[in-house]
Amino acid sequence: MTVTAAPRTPAEGGNDFVVVANRLPVDVTVTPDGTRSFTPSPGGLVTALSPVLERNAGCWVGWPGTVDGGMEPFRTDSGILLHPVALTATDYEEFYEGFSNATLWPLYHDLIVPPTYDRTWWETYREVNYTFAREVTSVAAEGATVWVQDYQLQLVPGILRQLRPDLTIGFFLHIPFPPAELFRQLPWREEIVRGLLGSDVIGFHLPQNADNFLTLARSVAGAPGSHTGQPDSLNVEGRASVREISAHITAPDGRRVGVAAFPISIDTASVIDTAAQVDAADIRHRLGDPETMILGVDRLDYTKGILQRLSAYEELLESGALDPHDSVLLQIATPSRERLEHYRRTRARVEEAVGRINGRFAEVGRPVVHYLHRSLGKQQLFGCYVAADIMLVTPFKDGMNLVAKEYVACHGDGSGALVLSEFAGSATELNRAFLCNPHDGDSVKRQLMIAVNMLRDTPDEARDRMLAMHSQVVEHDVDLWARSFLDALRSH
Ligand code: ADQ
C-alpha cells in the first residue's frame, strides 16, 4: 500500500466524515533503519469499512498497531486520510488485551470463557477512550458526522457528546450485545450504557442485540424509551428502506437516541470479481484432487469453534462416513491476540488436534487436514472458497461472520454448500445454509453429512439453496449496510 504524509493539523475546516475504530486499516512495520511499510490489515471491520471510506474520501482515526511512539497522519493511495492515535505498551496491555479482549469480548460472547473484571484495566479503558475522542475532535469539522466502531470504544460517543455537541454521532457494535442478565455482571455497566447513549443512533447486527441493549438501557441507566417494534418516524428512503430505526430511547440528557439492527455485509461485487480470476482446479490439485474438500477460515479465536469442527471431522473419518482417501479439510487460521492465555491455549489444542488427526488418518504425502496459521491475500483466500465443496463455519457465537457471506458470494454458479452455526449472526440471513448447533458435535456431523450427500445425490436441491443465498448477498452488500446506517443517522 502506498501512503503519503498528510499534515498533522487538518485542512481548514477539518473533515466532514470521520470513522473512529480501535485499529487503522493498515499494519505498520518499522524496519531497523526506521523505514515504515504499510500493509492492509485483515479482519471483518477493515473488510467492511474500507470501501465506504474510499467512496466518501473520509478520515479514519485509529491505532496504527505499534507502540513505538508518535506517527504522522498519512493518506492511502485510495484517498483515505489515516489519523493515528498513539498508545503506550501499558495502554495496549490494559485497554486492548485486558479490558477489550479479556473482559468485554468474553462477556459479549456469552461467557464462552470467564471474563476478568479488573479495575486498573477499566481505568485505562476510560482514559484511552478519552484519548480517541480527543483525537476525533482535532480532525472533525464543525457539524461533522462521526461514526464510532465497536466494543473497544463504547465510551467515545458519551465523551464526544460533552466535548463537541455540534457533532452527529453514530455507533456500531460489530460483536453481539449480550442479554441483560449477563451484561449486568459488569461492574462498570452503567458507564458503558451511558457512553453508548451519547450517540444519535446505535446500530447492532441483529434485532435481538438491539432488544438486549434496550432492556438494559432502561434498567441500568434508567433511560425511558419507546420500543415500537415497528419502523417509526425515522424511515429512510429507497433501497435502504429495508433497514429502519426500530426503537427510540431517551438518553439521560433528554435526547432521543435511535436504536436499530443493520446487518453488516461484504463488498459482494469485488468478491465476485476476484473469485472470477482464481484457479480453483489448481488448488484442488495441490490438495490431492479430493472428492470432498471441506474448508474452515477464521481468526484463531475460541469463539469460532475450530476445535469442535476438527473433532466432528475426525469422528466422521473414524466412523467411515467420510473416506480418508477422498476427503480433505483445509483450515486457514489467522493469528489473533496471541499473548492472551485463552488464545494460546486454543491454538495449542487446535494444532494438537491437526497433528492427531493426520497421525491417525493421513498417508505419506496425503494429509487429511491441511492447516495454515497465517493471513492470506484475497486472491489466495477466495481461491480456496471457490475450490471448496463445503464451507464449515461453526462459531459458538459471532456478531455476523463475513467468511460465510464471502463463501456464498464466491458460488454464484450454485456449487458448494455452507454448513453454518445457528449462533452466527449471518444465520438469520443465510437461512438456506445447513444450520448446525456447534455445542452439539452430532449436529455438526449430521449437517455436514447431509450437505455431502445432497451435493452427490440431489445436486439441484443444493444448487437452489446456494443460489438463494447468493442472491441475498448480492442484494445486501456492505454498501447497503453503510448507506442504511448513515441515512438513518442523517435523518435522525
Ligand atoms: P471477525 O471476528 O474478524 O469480525 P469475520 O466477520 O468472519 O470475523 O471477518 C473475518 C474477515 O477476515 C473476513 O473478511 C475474512 O476474509 C478475513 N480473513 C479471515 N481469515 C483470513 C486469512 N487467513 N487471511 C486473510 N483474510 C482472512 C468481527 C466480528 C464478526 C463480524 C465482523 C464485521 O467478530 O462477527 O462479522 O467483525 O462486523
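**Note on the helix packing and selected residues of a predicted model**

1. Residues 24 or more positions apart account for 73% of the contacts in the chain with a separation of 6 or more. The model under review is predicted. In the chain there are 16 helices and 19 strands. Of its 492 residues, 58% are buried. The accessible surface amounts to about 19100 Å², and carbon and sulfur atoms contribute 48% of that area.

2. The crossing of α2 past α3 is left-handed. On the α2 side the contact involves Thr90, Asp91, Glu94, Phe95, Gly98, Phe99, Ser100, Ala102, Thr103 and Leu104. The α3 side supplies Thr120, Trp121, Trp122, Thr124, Tyr125, Val128, Asn129 and Phe132. Sorted by class, this contact comprises 9 nonpolar, 7 polar and 2 charged residues.

3. Helix α3 also meets helix α4 (156-163). Here the axes come within 9 Å and cross at roughly 45°, so the two helices are oblique to each other. The crossing of α3 past α4 is right-handed. From α3, the residues in contact are Asn129, Tyr130, Phe132, Ala133, Arg134, Val136 and Thr137; from α4, they are Val156, Ile159, Leu160 and Leu163. The contact of α3 with α4 consists of 8 nonpolar residues, 2 polar and 1 charged.

4. Helix α4 is largely enclosed by the rest of the structure, because 6 of its 8 residues are buried. These are Val156, Pro157, Gly158, Ile159, Leu160 and Arg161. The elements against which the buried residues of α4 pack are α3, β8, β9 (168-172) and α6 (189-196).

5. Leu155 belongs to the loop between β8 (140-149) and α4. Its relative accessibility is 7%, so Leu155 counts as buried. With neighbours within four places in sequence left aside, Leu155 is in contact with Trp122, Tyr125, Arg126, Asn129, Glu191, Ile192 and Gly195.

6. Asp110 is placed in the loop between α2 and α3. A relative accessibility of 34% means that Asp110 counts as partly exposed. Apart from neighbours within four places in sequence, Asp110 has contacts with Pro179, Leu182 and Lys397. Asp110 and Pro176 are 66 residues apart along the chain, and 8.9 Å separates their C-alpha atoms.

7. Asn358 is part of helix α11 (residues 341-361). The cut-off for buried is under 20% relative accessible area; at 18%, Asn358 therefore counts as buried. Once neighbours within four places in sequence are set aside, the residues in contact with Asn358 are Pro367, Val368 and Val369.

Key. Residues are numbered from 1 along each chain as its sequence is written. This is a predicted model: local features need pLDDT of at least 70, side-chain atom pairs count only at pLDDT 80 or more; totals for chains, interfaces and linings use all residues. Side-chain values use heavy atoms; hydrogens and water are left out. A crossing is left-handed if the near helix is turned anticlockwise from the far one by less than a right angle, and right-handed if clockwise. Helices (H or I, at least four residues) and strands (E, at least two) are DSSP runs, numbered from the N terminus. Contact means heavy atoms within 4.5 Å. Ala, Val, Leu, Ile, Met, Phe, Trp, Tyr, Cys and Pro count as nonpolar, Asp, Glu, Lys and Arg as charged, and the others, Gly among them, as polar. Buried means under 20% relative accessible area, exposed over 50%, partly exposed in between (1.4 Å probe, protein chains only). Accessible areas come from the Shrake-Rupley method with a 1.4 Å probe; for residues, only the protein chains shown count as cover. Axes are lines fitted to C-alpha atoms, for helices over the stretch in contact, and angles run from 0 to 180 degrees between N-to-C directions. Angles under 35 degrees count as roughly parallel, over 145 as roughly antiparallel, 65 to 115 as roughly perpendicular and the rest as oblique.
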